Amino acid sequence: MLRYAVVRGGLGLLALRRTCVVSRFTHSSPQSEYRPIKKVMVANRGEIAIRVFRACTELGIRTVAVYSEQDTGQMHRQKADEAYLIGKGLLPVAAYLDIPDIIKVAKDNNVDAIHPGYGFLSERADFAQACADAGVMFIGPTPETVRKMGDKVEARALAITAGVPVVPGTDAPIASMQEAHVFAQTYGFPIIFKAAYGGGGRGMRVVREYEELEENYQRAYSEALTAFGNGALFVEKFIEKPRHIEVQILGDKYGNVIHLYERDCSIQRRHQKVVEIAPAFQLDPHLRDRLHADAVNLAKQVGYENAGTVEFLVDKHGRHYFIEVNSRLQVEHTVTEEITDVDLVHAQLHVCEGRSLPELNLKQDKIRVNGCAIQCRVTTEDPARGFQPDTGRIEVFRSGEGMGIRLDSASAFQGAVISPHYDSLLVKVIASGKDLPTAASKMSRALAEFRVRGVKTNIPFLQNVFSNHQFLHSTVDTQFIDENQDLFNLKPTQNRAQKLLHYLGHVMVNGPTTPIPVKAKPSSIDPVIPPVTMGDPPLGFRDILLRDGPEGFAKAVRAHQGLLLMDTTFRDAHQSLLATRVRTHDLKKISPFVSHNFSNLFSLENWGGATFDVAMRFLSECPWKRLQELRALIPNVPFQMLLRGANAVGYTNYPDNAVFKFCEVAKENGMDIFRVFDSLNYVPNMLLGMEAAGAAGGVVEAAISYTGDVSDPMRQKYSLDYYLKLADELVKAGTHILCIKDMAGLLKPEASKLLIGALRDRFPDVPIHVHTHDTAGAGVAAMLACAEAGADVVDVAVDSMAGMTSQPSMGAMVACAKGTKLDTGIALEKVFDYSEYWEVARGLYAPFDCTATMKSGNADVYENEIPGGQYTNLHFQAHSMGLGNKFKEVKKAYTEANKLLGDLIKVTPSSKIVGDLAQFMVQNNLTRAEVEERADELSFPLSVVEFLQGYIGIPHGGFPEPFRSKVELERGKTLHIKALALGDLNKAGQREVFFELNGQLRSVLVKDTVAMKEMKFHPKAQKSIKGQVGAPMPGKVLEVKVEVGSKVEKGQPLCVLSAMKMETVVNSPLTGTVKVIHVTTDSSLEGDDLILEIEE
């Protein structure tokens, strides 16, 4: 050994020490000082820090994390027992390179040893030396070994001395571009620049021709300087299409070195490994032995201790060349652990404490390969855009797991923010199996299970790799990705749930975006309020209700001489004509006039139905406040609302106690009469609403929804007997008033006489109230017929808000009944004043007025039976979607859809079901016969499927067969979504919207379009404008290479961006003159932010 020391010159001291070690071994166990480690700091971040923490915890060692200001929310600081801020005020990467601060934290907190992880300071000899000087153990090789192996040039010289083949290259770091030029002239292109003091692909650039030399030299130098704190480079001849094979080594303080076999890291992009395999697939056994022997010999020559990797290139002829030694733990150490069952981090810690490899039972003859392991680096990079790093917030994270799968990660969780400051690695996925195909199969399955939303990932690309025939059945080289462009034929992700949440979140934050199909603008004329007499308004029917209660009120209505009217102007009229958009402001202005001049109205309908939905979503009003304010202004006329049975004022069944409480609070705030109905006349649903309204002390008005034609003997599904039996049940249930709700305006005069006459004969003491729409234009005649047949109350709307899909005209009913037994007692001239106000007020809502698309009512409603409110909405939607000329087809399809569904009673929500099916048929050009025939294969709207599942009740006559049996009611992809909360505005102009999706908390960030108008943001490059150059990825501007007025050629570098420690040159897309520059050095950019503008 002494002779060996003389031959190796400068290694004399090391050789002498090794002699002593051998001497010790000849006796028994090593006599070197054993220093147990009690506390370990990891001078790193992310998944490698967590990997080390876990190993320490298993060994009973306390852990310490350090973190930069940008990493305060990262998982690694939460996984440690203690965590301390370093590099305050420094740039994100510089914080982890701040040696004095790291050492200070270690000393201040009694740290025994520091693990450097990989990257950052892991191959910095000065850091290893600083640890030694501070009396802190460095978990890695000695500072001298780190220096020799970290200096790629010296490592190369050592390899030559050890007889290991090397690639032709410079003997020392080059000092200038000129030296690189000389090297290229000597050996020819291609050549490769490599960082002298670090790896991982940073500072590595391939140059294939002279014109690329200077730019790549500058980029390689800058990347190396940023990543490792030293920009020194050396140059090598670039070996075309080699395999990249590396050997894992492990040494102790006593000269023992073993290998743990090799890994194949040939699948790379940008010289960074993407997939690693252990052991190397189809590697010649003799070549494998030579690689192992060369790796161990080189390590022994330098007295290597702790874990390291010796890397080689293997050319197509089977010749291998030494590249470098990574004197640290590698990212891909995991696959070696899986096939050898050796915990490398445990071994590192024990070796650092002074234990020998034999003590740890780590002897070469006992190290065996068991099966195959593959590692994938899942990164936040977009393969479709040249693997550009993506940043942002992870909205959804679900990993692939199961037998044979190991996950090493740090930032892989919902809510994690991926910044541009650090590496793009998200999670390492390691699959193990008995052989390569088995491991690859497990990996494919695991990748398919991943769900990552919010940032792009390389998972679709990795899935293509694992389905590639060459990868599975042959060997691959470092050009594998470049030569297999089909790997970039990426299968698009569906992302259905998150897209839906984003849409819902956008609606919650910014309101609906349904386009208005007309260009009508609101009138600039304010309505004039007719004069109102001073003093209190006269007594009205509400005074009777307050005095005598609901039963006494019903008796008074029944005993009243003449016809009573309910005015729908405050709700259903503007719901039908103006999409419920009328504001409380305009209702309040006319309220005193109504109170003083229409005190003999039966009621005023002003609440319920769509009031809640529209008030909160579109008008940003409180519906409760509307009720309170109107009650104060109209104390004498009863208020009436529409209650959808068990649905209350919503679109789904609510818990019983919620419906009861709603009615109680509504009554307390001024509501008097509750019109209770169910869209299918399903009595159990109605009974709940009736009980809730009655318990609250309100007047219960049970409404039977009318459809069909009782005067037509050919239509007997909804016969006169059907309605009489329903009325029997409702009267027995205790309704105070019986209502016929003719929501489509189908009651003809003859049918009115038959139905109302029969009800009056059967229930002589029960008040009868009739509601209709005037879509066909026969509303006044039908209501007069109802009144003649015994109805006590009919619904009307003031003249300027009547007709078409609204209610019949108040003025017409008053005039026709005047001087007869049906006289309403209402002054016609007051109706004119009332109508004049609403005629002008209606102009304020011109963009929502149904007359923008409808010019008249239509008697075809007797055929299609579309409810008045829905008729208007369908017409509006058809124009919004550019199908205005197809509205006739929509109406015909509505008729056919209704027949398909078994001839339903059509009112919200059953009317929506029919409408959805009708539009589905028109959009897909389907006839009724085709829908019936193909029912088992069509993807029907969800509302149709849920109806057939019984979500809204059981229709009269049962569900339609065989249509229902053919429809596949459950396709296995049902999303259960509940909106939970809306967050505050953040600095980016976004609000976080929280949902519960299938029982799990989800959130999305939505831009608040209104708030953003008040905030300043960097402009975005418009792809449609030639000459606007945008940032290809998020990052920081390192250098701007042009000035305003500069002449640039197509392809000329304009600026340099840095993201995740990689640098990207932005080139000019055209020849021209720089007109405007929107960035400066150190500007932080998001993707597509405008960099500059070029004028041709």
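At 6% relative accessibility, Thr 580 counts as buried. The model described here is predicted. Thr 580 sits in the loop that joins helix H21 (572-578) to helix H22 (584-597). Its phi is near 60°, which is a positive value in a residue other than glycine.

Ala 648 also has a positive phi, of about 55°, although it is not a glycine. This alanine is placed in the loop between strand S25 (639-643) and helix H25 (656-668). Its relative accessible area is 5%, so Ala 648 is buried.

A further loop residue is Thr 824, found between helix H30 (810-817) and helix H31 (828-843). With a relative accessible area of 6%, Thr 824 is buried, because buried means under 20%. What does Thr 824 touch, not counting residues up to four places away in sequence? The partners are Leu 563, Leu 565, Asn 600, Val 814 and Ala 817.

**Lysine 741**

The UniProt record, an unreviewed entry, lists Lys 741 under "modified residue: N6-carboxylysine". In the model, Lys 741 belongs to strand S28, which covers residues 737-741. Is Lys 741 buried or exposed? At 5% relative accessibility, Lys 741 counts as buried. Leaving aside neighbours within four places in sequence, Lys 741 is in contact with Leu 642, Phe 677, Ala 703, Ile 704, Ser 705, Tyr 706, His 771 and Val 907. One of these partners, Leu 642, falls within strand S25 (639-643).

**Cysteines**

How many disulfides does the model contain? The count comes to 0 disulfides, taking a disulfide as a pair of cysteine sulfur atoms within 2.5 Å. Cys 786 is in no disulfide, and the nearest cysteine sulfur, that of Cys 739, is 10 Å away. Cys 786 has 0% relative accessibility and therefore counts as buried. Cys 1055 is buried as well, with a relative accessible area of 1%.

| Residue | Relative accessibility |
|---|---|
| Thr 580 | 6% |
| Ala 648 | 5% |
| Lys 741 | 5% |
| Cys 786 | 0% |
| Thr 824 | 6% |
| Cys 1055 | 1% |

**Helices H34 and H35**

Helix H34 spans residues 887-900 and helix H35 spans residues 910-923; their axes come within 8 Å and cross at roughly 120°. The contact involves Glu 889, Val 890, Ala 893, Tyr 894, Glu 896, Ala 897, Asn 898 and Leu 900 on the H34 side. From H35, the residues taking part are Ser 911, Val 914, Gly 915, Leu 917, Ala 918, Met 921 and Val 922.

**Cis peptide bonds**

Pro 190 is in the loop between helix H10 (177-187) and strand S6 (191-195). The peptide bond from Glu 961 to Pro 962 is also cis, and its omega is near 5°. Pro 962 occupies the loop between helix H37 (942-948) and helix H38 (963-966).

Terms used. Residues are numbered from 1 along each chain as its sequence is written. This is a predicted model: local features need pLDDT of at least 70, side-chain atom pairs count only at pLDDT 80 or more; totals for chains, interfaces and linings use all residues. Side-chain values use heavy atoms; hydrogens and water are left out. UniProt positions are given in the numbering used here, feature names are shortened, and annotations may be inferred rather than shown by experiment. Helices (H or I, at least four residues) and strands (E, at least two) are DSSP runs, numbered from the N terminus. Buried means under 20% relative accessible area, exposed over 50%, partly exposed in between (1.4 Å probe, protein chains only). Contact means heavy atoms within 4.5 Å. Axes are lines fitted to C-alpha atoms, for helices over the stretch in contact, and angles run from 0 to 180 degrees between N-to-C directions.
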